[in-house]
Amino acid sequence: PVAELPLKQIAFEPDSANLTDQGRNDLLTQVVPVLKQTPGLYLKVDGGAAQPLGDTAAANKAFASQRAQAVIFFLIGQGID
């Protein structure tokens, strides 16, 4: 099945891959219930981040990947496989 979730952006601490309280709450209320209620549904997590001045494209891609991994690990911690 394919579903589009209303959550388009997840809040992180500035210049960090750490989720804010709001980011965790948004995932808990808007994503986790859908995944738990819909067996077989896969979630694609894409990371993105504004590229600060002076950062290389590769460094920005790595930072975005760290943020995506933080979301994945949070979801795993909520019992999502």
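1. For the charge count, Lys and Arg are taken as positive and Asp and Glu as negative, with His and the chain ends not counted. Each charge is placed at NZ of Lys, CZ of Arg, CG of Asp or CD of Glu. On that basis, the 6 positive and 8 negative charges of the protein have mean positions 5 Å apart.

2. A word on provenance before the details. This is a predicted model, where local features need pLDDT of at least 70 and side-chain atom pairs count only at pLDDT 80 or more, while totals for chains, interfaces and linings use all residues. Residues are numbered from 1 along each chain as its sequence is written, and side-chain values use heavy atoms, with hydrogens and water left out.

3. Overall layout: the protein has two helices and zero strands (DSSP runs numbered from the N terminus, H or I of at least four residues for helices, E of at least two for strands). Helix H1 covers 21-37, and helix H2 takes in residues 57-77. Along the principal axes, the C-alpha atoms fill a box of roughly 45 × 25 × 20 Å.

4. Surface and burial next. The accessible surface is about 5,700 Å², and carbon and sulfur atoms own 54% of that (Shrake-Rupley method, 1.4 Å probe; for residues, only the protein chains shown count as cover). Of the 81 residues, 28% are buried (buried is under 20% relative accessible area, exposed over 50%, partly exposed in between, with a 1.4 Å probe and protein chains only).

5. Contacts, meaning heavy atoms within 4.5 Å, reach well along the chain. Take the pairs at least 6 apart in sequence: 55% of those contacts join residues at least 24 apart.

6. Not counting residues up to four places away in sequence, Phe12 touches Ala17, Asn18, Leu19, Thr20, Arg67, Ala70 and Val71. Phe12 and Val71 are 59 residues apart along the chain, yet their C-alpha atoms are separated by 10.0 Å.

7. Thr20 also belongs to the segment before H1. Setting aside neighbours within four places in sequence, Thr20 is in contact with Ala11, Phe12 and Glu13. From Thr20 to Ile10 the gap is 10 residues in sequence and 8.6 Å in space, C-alpha to C-alpha.

8. Gly23 in helix H1 is worth a click too. Gly23 counts as buried because its relative accessible area is 0%. Its contacts, leaving out neighbours within four places in sequence, are Ile10 and Ala11. Val71 turns up again here: Gly23 and Val71 are 48 residues apart in sequence and 9.1 Å apart in space, C-alpha to C-alpha.

9. One backbone point to check by eye. Asp15 has a positive phi of about 55 degrees although it is not a glycine. Most residues other than glycine have a negative phi. Asp15 lies in the segment before H1 and counts as exposed because its relative accessible area is 71%.

10. How many salt bridges does a search of the whole structure find? It finds one, with a salt bridge meaning a side-chain nitrogen of Lys or Arg within 4 Å of a carboxyl oxygen of Asp or Glu. Asp21 pairs with Arg24, and their closest N and O atoms are 2.2 Å apart. Both lie in helix H1, three residues apart, about one turn of the helix. Asp21 is exposed because its relative accessible area is 58%, while Arg24 counts as partly exposed because its relative accessibility is 30%.

11. Last, a surface patch. Ile72, Phe73 and Ile76 form a nonpolar patch with about 280 Å² of accessible area together. Patches take residues with over 30% relative accessible area and no salt bridge, joining like charges within 9 Å and nonpolar side chains (Val, Leu, Ile, Met, Phe, Trp, Tyr) within 5 Å. Ile76 lies in helix H2 and counts as partly exposed because its relative accessibility is 48%.
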